[in-house]
Amino acid sequence: MVNATKGLFISCDIPMAQFIINLNASLPASQKFIIHILDSTHLFVQPHVGEMIKSAIAEFRKENSFEKPT
Amino acid sequence: MLVHFYRDKEGLGLSENGFQFLLMDTNAQLWYIVREYISNSEDRGVDPADLISFMLELSFHVTGEAYNINTLTDVQKSIIKDLADLGLVKLQQGRKESWFIPTKLATNLSVSLSDASSRKQGFVVVETNFRLYAYTSSKLHRKILELFSRIEYELPNLTVAAITKDTLSEAFQCEITAEQIISFLQQNAHPRVAERTPRVPENVTDQIRLWESDMNRVDMTPSYFYDEFPSKEVFEDACDFAREYGGLLWEDSKRMRLLVKAEIHMQMREHLRRQK
């Protein structure tokens, strides 16, 4: 019997995929959100973590950019 | 409303359409308002056809010359007051008669958007070090520049600003696109750089576009994951079905796993049930 799972399909480049996998690994077991790692650029995660991933990526981007102090 | 306002935590703020309106060309802004005015005219009992024909007539008048209001029909007299509020005509009250004088804005109504002679003078110079020099003392221009750049110095006739990753990411969060910013800079280029091709340095335009795509590095699609197919044929059939509906996101034929868009999940379920 075919099994259907609801979730969010994530398509990105390889560094971002690794970032998300790392983020998943740093969370406690009850909050891990990756359901399947499909290949190096695609992931299948739980449906409600979209916003959380976006804000984590924005944080990461801010850490990596330099702003001249005014 | 023309420029849609929404309430956020700090009170009334400008919405996405509002920002795009600010960055548009003057003619485009004018036509936006005129279009809204025309579509509202039906509610006020004015025939849109009359309104449009009057506006086109107006654009053929000579700028600066006074025309007697008595030459207008009653309908047109009722419209002229609104047009004066918009700045398309200037009303003048003589001792016995009233006059209206079309402004440059009105005569430009029927001019095509790409006509360079009617364009107002540009004021922005963009340099390859991401600095902006705006030769203007207009507060409006300063506010527009503040949308996507960091103002460094404000002098009586010059504003110096810098485009940075931070200011651009704030702009992108307000739903302004890189194309809008770039076309605003190009259209308002100072005459000294207007002859140069391209008007805005390539490294600046490329970098603005790169920073925009940096904002969305990850694509997310709500979807359903199917596995444990009883046989290869059922799997292939399901793949073809999903492909037909344009909902196939990813498949793995070795392990017989399938990902489809959430929109076609119901149809997929029906299809699989019918297979039994």
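Strand E10 (residues 219-227) and strand E12 (residues 257-261), both of chain B, are paired in the antiparallel sense over four bridges. Two strands pair if DSSP finds at least two bridges between them; strands (E, at least two residues) and helices (H or I, at least four) are DSSP runs, numbered from the N terminus. Within this pair, B:Phe225 has B:Leu259 of E12(B) as its bridge partner.

Please note that this is a predicted model, in which local features need pLDDT of at least 70, side-chain atom pairs count only at pLDDT 80 or more, and totals for chains, interfaces and linings use all residues. Residues are numbered from 1 along each chain as its sequence is written, chains are lettered from A and ligands numbered from 1 in the order in which they are written, and side-chain values use heavy atoms, leaving out hydrogens and water.

Let us turn to the whole sheet. It is an open sheet of six antiparallel strands, in the order E2(A)-E3(A)-E1(A)-E10(B)-E12(B)-E11(B). Strand E2 (34-39) of chain A and strand E11 (248-252) of chain B stand at the edges with a single partner strand each, so one side of each lacks a neighbour in the sheet.

What joins E2(A) to E3(A)? A hairpin does so, through two residues. Strand E3 of chain A comprises residues 42-45, and four bridges join E2(A) to this antiparallel partner. Here A:Ile34 stands opposite A:Val45.

Finally, consider A:Pro69, in the segment after helix H2 (50-63) of chain A. A:Pro69 counts as exposed because its relative accessibility is 64%; exposed means over 50%, buried under 20%, and partly exposed in between (1.4 Å probe, protein chains only).
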